[in-house]
Amino acid sequence: MTEYKSDLLRLLDSRGYIHQTTDANALDALAARSIVPGYIGFDPTAPSLHVGSLVQIMLLRRLQQAGHKPIVLMGGGTGKIGDPSFKDEARKLMTGDVIAANVASIKRVFEKFLTFGDGPTDAVMVDNADWLDKLEYIPFLRDIGQHFSINRMLSFDSVKLRLDREQSLSFLEFNYMILQAYDFLELSRKAACRLQMGGSDQWGNIINGVELARRVDGTEVFGITTPLITTADGGKMGKTMSGAVWLNEESLPAYDYWQFWRNTHDKDVGRFLRLFTDLPLDEIARLEALDGAEINAAKIALANAATTMCRGADAAAQAAETARRTFEEGAAGDALPTHAVPGGSIAIVDALVALGLAASKGEARRLIKGGGARIDGEKVSDEALIVAIGDAPVKISAGKKNHGVLTAS
């Protein structure tokens, strides 16, 4: 690891957040002598962020823990376009009302990870619609557009890969990187922001902002990107068989959130403990060194810590107890996904879908064919089976770790 002088870069480096930096030495020196306001942007494409955004939220948390000021930028303006970075096709355009509702819903999760207020290191939340919606097109082209080279923009991987696949990139999307660069310029002016952070797919956009601030205002600002977070089996972080792992409680029950972390691959446990929990590094080193079945203790520690941070200590404790009862005692815990069945019976295929144990009926049938579906611990072999619900709840399982409960309506 690089020998940094500032608490900020030492913390980020020791926990595995740093992939690329612009002028690391100058940023290190600045962070060692003064408070650095830094921001990350989040476009409100859904009512909740998911675990794929969590490394960025944790990055803001680390910034605050190191004595600096986090700025959460909600993309109320850029969300009207959609970031084309490494996307195969354009995002579906959202109405202003949908964007506003998503922003309001997403805001709540940040209060779990950051301390907001008026102090020098307290987090603040801003919305780029406040300035982007007011831009006049011709003045913007004249004052800002002149600083961007089309040739250079076409060379960025986020654009180049899309064009190489001969997939359309609209002029609307092409403007996104200019608007994001302008966000950095605005925040450097309005909030003395000196740092933009983001995932590795944002490197080109961040560089644009760094150069724009230097050319227009002569201001030195910096960028940091995090590594692409993939799982040991090559999957994308936050994607499961049943869909995205949402951060908001109303989008995903606490038990399912806890279970996602509990199911972490053995090889990912140490890295995820460093990235997604506040456990001390010496404790993490002890946990990731556990062998064989003992690694499950590390996975439970990860699930408890990550769920406590996002959903609260009570939710984490209840999820852990539900898991203990389900796996150790064979009981159906109270926090498992539950579906009330009208009429007292339901097809097993429909039950798997209703409980979120399969994303579709086709997936449910494949699960049954593969021997992965069980009713109260008994393997299901008949895809046409009808499950009868009496006075007692019925436990439905998909594999060894995913369970749900059917009750009579």
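Q: In which helix is the place of Tyr-182?
A: This is a predicted model, so everything here is read from predicted coordinates. Tyr-182 sits within the run of residues 176-191. That run is helix α10.

Q: Is Tyr-182 buried or exposed?
A: Buried means under 20% relative accessible area. Tyr-182 comes in at 9%, so it counts as buried.

Q: Which residues does Tyr-182 touch, not counting those up to four places away in sequence?
A: Tyr-182 lies in α10, and its C-alpha is 8.4 Å from that of Ala-213, a residue 31 places off in sequence. With sequence neighbours up to four places away set aside, the residues Tyr-182 touches are Trp-131, Leu-132, Leu-135, Phe-140, Ile-144 and Leu-212.

Q: How do α3 and α13 lie relative to each other?
A: Helix α3 covers residues 54-65 and helix α13 covers residues 269-276, with axes 9 Å apart. Their packing angle is about 50°. Roughly parallel would need an angle under 35 degrees, and roughly perpendicular runs from 65 to 115. The two helices are therefore oblique.

Q: By class, which residues make up the contact of α3 with α13?
A: From α3 come Leu-54, Val-55, Met-58 and Arg-62, and they meet Arg-274, Leu-275 and Phe-276 of α13. Sorted by class, this contact has no polar residues, 2 charged and 5 nonpolar.

Q: Which residues touch the most other members of the largest nonpolar core?
A: The core in question holds 65 residues. There is also a second, separate core of 29 residues, with Trp-131, Leu-132, Tyr-176 and Leu-185 among them. In the largest core, the residues touching the most other members are Phe-110 and Trp-261.

Q: With neighbours within four places in sequence left aside, what is Trp-261 in contact with?
A: Trp-261 belongs to the largest nonpolar core. Leaving aside neighbours within four places in sequence, its contacts are Val-51, Leu-54, Met-237, Phe-272, Phe-276, Lys-299, Leu-302, Ala-303, Ala-306 and Thr-307.

Q: Why do the buried residues of α18 fall on the same side?
A: In α18, residues 361-369, the buried ones are Glu-363, Ala-364, Leu-367 and Ile-368. They share a side of α18 because the arc they cover around the axis is only 140°.

Q: Which exposed residues does the face of α18 turned away from its buried side carry?
A: The buried side is covered by elements including α17 (348-354), β11 (373-375) and β14 (394-398). Turned away from that side is a face with the exposed residues Arg-366 and Lys-369.

Q: What is the phi of Asp-23?
A: Most residues other than glycine have a negative phi. Asp-23 is in the loop between β1 (20-21) and α2 (24-33), and at 45% relative accessibility it counts as partly exposed. Though not a glycine, Asp-23 has a positive phi of about 50°.

Q: Where is Ala-192, a residue with phi near 55°?
A: Ala-192 has a positive phi despite being a residue other than glycine. Its relative accessible area is 38%, so Ala-192 is partly exposed. Its place is the loop between α10 and β5 (195-199).

Q: Which residues does Val-394 touch, not counting those up to four places away in sequence?
A: Val-394 is in strand β14 and is buried, with a relative accessible area of 8%. Apart from residues up to four places away in sequence, it touches Ile-375, Asp-376, Val-387, Ala-388, Ile-389, Gly-404, Val-405 and Leu-406.

Terms used
Residues numbered from 1 in each chain as written. Predicted model: local features only at pLDDT ≥ 70, side-chain atom pairs only at ≥ 80, totals over all residues. Heavy atoms only, no water. Axes fitted to C-alpha atoms, helices over the stretch in contact; angles between N-to-C directions. Helix = DSSP H or I, 4+ residues; strand = E, 2+ residues; numbered from the N terminus. Parallel < 35°, antiparallel > 145°, perpendicular 65-115°, else oblique. Contact = heavy atoms within 4.5 Å. Nonpolar A, V, L, I, M, F, W, Y, C, P; charged D, E, K, R; others polar. Buried < 20%, exposed > 50% of the residue type's maximum accessible area, 1.4 Å probe, protein only. Arc of directions from axis to C-beta. Core = buried A, V, L, I, M, F, W, Y, C linked by side-chain atoms within 4.5 Å.
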